Amino acid sequence: MPGKVVSAEDAVARIRDGSTVATGGFVGIGFPEHLAVALEQRFQRTGAPRNLTLMYAAGQGDGREKGANHFSHEGLVKRVVGGHWSLVPKFGEMAMQNQIEAYNLPQGVISHMFRDIAAKRPRTISKVGLQTFVDPLNGGGRMNSCTTEEIVERIQFDGETYLAYKTWPLHVALLRGTTADLDGNITMEKEALFLESLAIALAAHNSGGLVLVQVERLAGALHPRQVKIPGIWVDCVVLSRPENHWQTVAQVYNPGFAHEIMVPTATLQAMVMDERKIIARRAAMELTPKCVVNLGVGMPEGVAHIANEEGLLESLTLTTEPGVIGGIPASTPNFGAAINVAALIDQPSQFDFYDGGGLDLAFLAFAQTDQEGNVNVSKFGRKVAGAGGFINISQNAQKVVFMGTFTNGLKIAVPGGRLEICREGCRKFLSHVEHMTFSGDYAKTRKQEVLYITERCVFTLTQHGLELTEIAPGIDVERDILAQMDFRPLISEKLRLMDERIFRDSLMGLTLKTARL
């Protein structure tokens, strides 16, 4: 074909041993699956290229075979610098077996590193990561014993401490768009997100590297306002097979995710009455008029459903880290996409907004917490989950609400508006968390308001640790709470019952004016 259009095999044949490769993507959105398959097949066929360094911001994969899982072959990759790991479990296994060097850095920091690489700045400077596992005092983001190079350092400016993240040249960018012309200009009209595609392309181009982009169609000419990656930065365009160009890992194409149509919110299914809905309902009671909110993956996704069920969406703005502003974020496995958005921006700019304190409120999941209010979502024994955007968001939002079941694997019932624990799970409130993804001490120094909401109780972070402030109707403090914890929290003198409406299978009649208890 004329111009820059080549086969996937010819494109990946240009990748050399030892290259640093950056991939765009968020779960399955925007990931160049066709190029990844071609690179994997080349390695399996020829044993080349070898010893790549893979760099990516958000988690990329389906937790099984797709996305960055294509690269998880011993010898193909020697080092991974990633923001989130749980969607690429093969890399997590390789890291725990010391088969690769493994770094987990905050997703927002990595998205900003791409811009700094493009501008040839030697470091990305940020307070994000202080007093977490990313801080050099706590390991510097290194996830195993064979990872020895320090790429994060502490520095001071004007008497304040920052982290300096080392940057390096990018040799290859693997990206994705919707349409390309023969000069390599790329549009993204059918993609659910823009992500950091522009920053990665420019970083590779200014490093003297290659920019390879897969698309689903070609055009003779494109409207310049629609072009998201200029052709002057693109080396190869690859026409993807349809099966390697799904919009998300779960859907071939949803016009609502591409913002072609507005989706009637009345058609969205209500949440079933279970522990997730109970937690989401109590969390939604923290919403205030005109607040700007981040919703994390997992349990926090339910807050959007409750806000929709209760008719609150027009009075607040929901956001997610890949660039969604307004509308209703999609739930797993389509997380990252959204319907009825007000705006869609690139991921690095969204993290500029987050890191600068633009969020009024963040809802995030927790897997473990301890008596100091520390939270772990990033590493459990020999499982590497990764932090994703958690650190950027939790450290910089004005208020943080952590959401999760009190124990892991429990079973509940809610007869007559009272909570019953039918079966307990594994403990999540521990003496010490295994990995420091959120620092309670750092939050205290910032005077940040922090809540921990479960199906049976609510805690608040105080200067002296966690304080129990609310319990569910039907719950016994000693039997159902204190006996299931590794430590004894403070107990508020004003301990009260959670709102009984939370536990009834009918609309709450929630309004933002009465949202706070």
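On a 1 Å grid over the protein atoms alone, a cavity is a set of points where a 1.4 Å probe fits but cannot get out, and lining residues are those with an atom within 4 Å of a point. In this structure the largest cavity is lined by 14 residues, with Gly-28, Glu-33, Lys-66, Trp-246 and Val-249 nearest its centre. The structure is a predicted model, in which local features need pLDDT of at least 70 and side-chain atom pairs count only at pLDDT 80 or more, whereas totals for chains, interfaces and linings use all residues. Residues are numbered from 1 along each chain as its sequence is written, and side-chain values use heavy atoms, with hydrogens and water left out.

**Cavities and pocket**

- Two cavities of 30 Å³ or more are counted, and the largest cavity holds about 120 Å³ of space; a volume is the space filled by probe spheres set on the grid points, which are joined across faces, edges and corners.
- The largest pocket has a volume of about 1,100 Å³, a pocket being an open set of points with protein on both sides within 12 Å along at least five of seven lines.
- Of the 43 residues that line the largest pocket, His-84, Ser-86, Val-297, Ala-365 and Val-377 are the closest to its centre.
- Strand 22, helix 9 (390-396) and strand 31 (426-427) each contribute at least two residues to the lining of the largest pocket; helices (H or I, at least four residues) and strands (E, at least two) are DSSP runs, numbered from the N terminus.

**Aromatic pairs and charges over rings**

- The count of aromatic pairs is 12; rings of Phe, Tyr and Trp (its six-membered ring) pair if their centres lie within 6.5 Å, and planes under 30 degrees apart count as stacked, over 60 as edge-to-face and the rest as tilted.
- Phe-366 and Phe-429 form an edge-to-face pair, at 5.7 Å centre to centre and 70 degrees between the planes.
- Phe-366 lies in the loop between strand 22 (361-365) and strand 23 (368-370) and Phe-429 in strand 32 (residues 429-430), so this pair ties together parts that are 63 residues apart in sequence.
- Phe-406 and Phe-429 form a stacked pair, at 4.8 Å centre to centre and 25 degrees between the planes.
- One aromatic cluster is formed by Phe-366, Phe-406, Phe-429 and Phe-459.
- Lys-428 lies over the face of Phe-366, at 4.7 Å from the ring centre, and Lys-228 lies over the face of Phe-194, at 4.5 Å from the ring centre; the criterion is NZ of Lys or CZ of Arg within 6 Å of the ring centre and within 35 degrees of the ring normal.

**Two loop residues**

- Thr-147, in the loop between strand 6 (123-126) and strand 7 (152-157), counts as buried at 3% relative accessibility.
- Leaving aside neighbours within four places in sequence, Thr-147 is in contact (heavy atoms within 4.5 Å) with Ile-100, Glu-101, Ala-102, Tyr-103 and Arg-142.
- The side chains of Thr-147 and Asn-144 are joined by a polar contact of 2.4 Å; such a contact is a pair of N or O atoms within 3.5 Å, where within protein one must be able to donate a hydrogen and the other to accept it, and residues adjacent in sequence count only if both atoms are side-chain atoms.
- Gly-425, in the loop between strand 30 (420-423) and strand 31, is partly exposed, with a relative accessible area of 22%.
- Not counting residues up to four places away in sequence, Gly-425 touches Thr-407, Asn-408, Gly-409 and Leu-410.

Technical notes. Buried < 20%, exposed > 50% of the residue type's maximum accessible area, 1.4 Å probe, protein only.
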